[in-house]
Amino acid sequence: ATLAVLRSGVRSPLAPPFKKVNMEISFIGWIHTVLGTLAILVSVFIITSQGFITAKKPLGKFYLVATFITAATALMLYRNGGFNLAHLLAVFTLIAIFLGFMAEKYNILGISKYLQAMSYTGSVLFHLIPGIAEVNKRLPLDNPMGLSVDDPINIRYYLIFTLICGITVLAQWAYIWKKKV
């Protein structure tokens, strides 16, 4: 009886009241959301199966293009007011992609592989932070988990994702160092 909606489809009197959530998404918002979600899923697959994101492979190219479009469209979304943390992370994402691509293309003081790994993997983190805040702002529909970017549940996710990405970069660097890739 404590479920928000009983099997009969009637709300339980014990359920908390619905919070009104704006679920409207613009056309650019849909492009941003779909490509961003695909990019995150592809990046996880690439990193777990290949170890690194690289523009030299088709999935890596897809990730980089989808990430670029996602970051660029993020700069066009202002429904939550003016320039905010999500926009700043979109700028960081564009910088990370640029640095990673340049590091992949040119040998920069012998640290190109390290810079590439850090930049491309860092761009995944820059996707995840605003992504989880947006998901938690909208879901579950009847009682969203985090209504602001600085909500404690979101802060926990940010820390977890930062830790995972940091460990991933360190593992990539160790592999590069050990194998002299």
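Mentor: The discussion below sets values for this predicted model against the criteria behind the terms.

Trainee: What is the pattern of the protein chain along the sequence?

Mentor: The pattern reads α-α-α-α-α, and the chain has 5 helices and 0 strands.

Trainee: How do you know that helix 2 has the span expected of a helix with 17 residues?

Mentor: The expected span is 1.5 Å times one less than the number of residues. For helix 2 this expectation is 24 Å, and the distance from the first C-alpha to the last is 24 Å, so the two values are close.

Trainee: Which residues of helix 2 are called buried, and what covers them?

Mentor: A residue is buried when its relative accessible area is under 20%. In helix 2 this applies to G60, Y63, L64, A66, T67, T70, A71, T73 and A74. Their cover includes helix 1, helix 3 and helix 4. Over the 181 residues of the protein chain, 34% count as buried.

Trainee: What makes a set of residues a nonpolar core, and which members of the largest one touch the most others?

Mentor: The members must be buried residues of the listed types, Tyr and Leu among them, joined through side-chain atoms within 4.5 Å. The largest such core has 23 residues, and I53, Y63, L64 and V124 touch the most other members. Helices 1, 2, 3, 4 and 5 each give two or more residues to this core, with helix 4 supplying the largest share, 7 residues.

Trainee: Which residues does Y63 touch, leaving aside those up to four places away in sequence?

Mentor: Y63 touches A39, V42, S43, I46, I53, Y120, S123, V124 and H127. Each of these counts as a contact because heavy atoms lie within 4.5 Å.

Trainee: Why are Y114 and W173 called partly exposed?

Mentor: The term covers values between the buried limit, under 20%, and the exposed limit, over 50%. Y114 has a relative accessible area of 21% and W173 one of 30%, so both residues are partly exposed.

Technical notes: Residues are numbered from 1 along each chain as its sequence is written. This is a predicted model: local features need pLDDT of at least 70, side-chain atom pairs count only at pLDDT 80 or more; totals for chains, interfaces and linings use all residues. Side-chain values use heavy atoms; hydrogens and water are left out. Buried means under 20% relative accessible area, exposed over 50%, partly exposed in between (1.4 Å probe, protein chains only). Helices (H or I, at least four residues) and strands (E, at least two) are DSSP runs, numbered from the N terminus.
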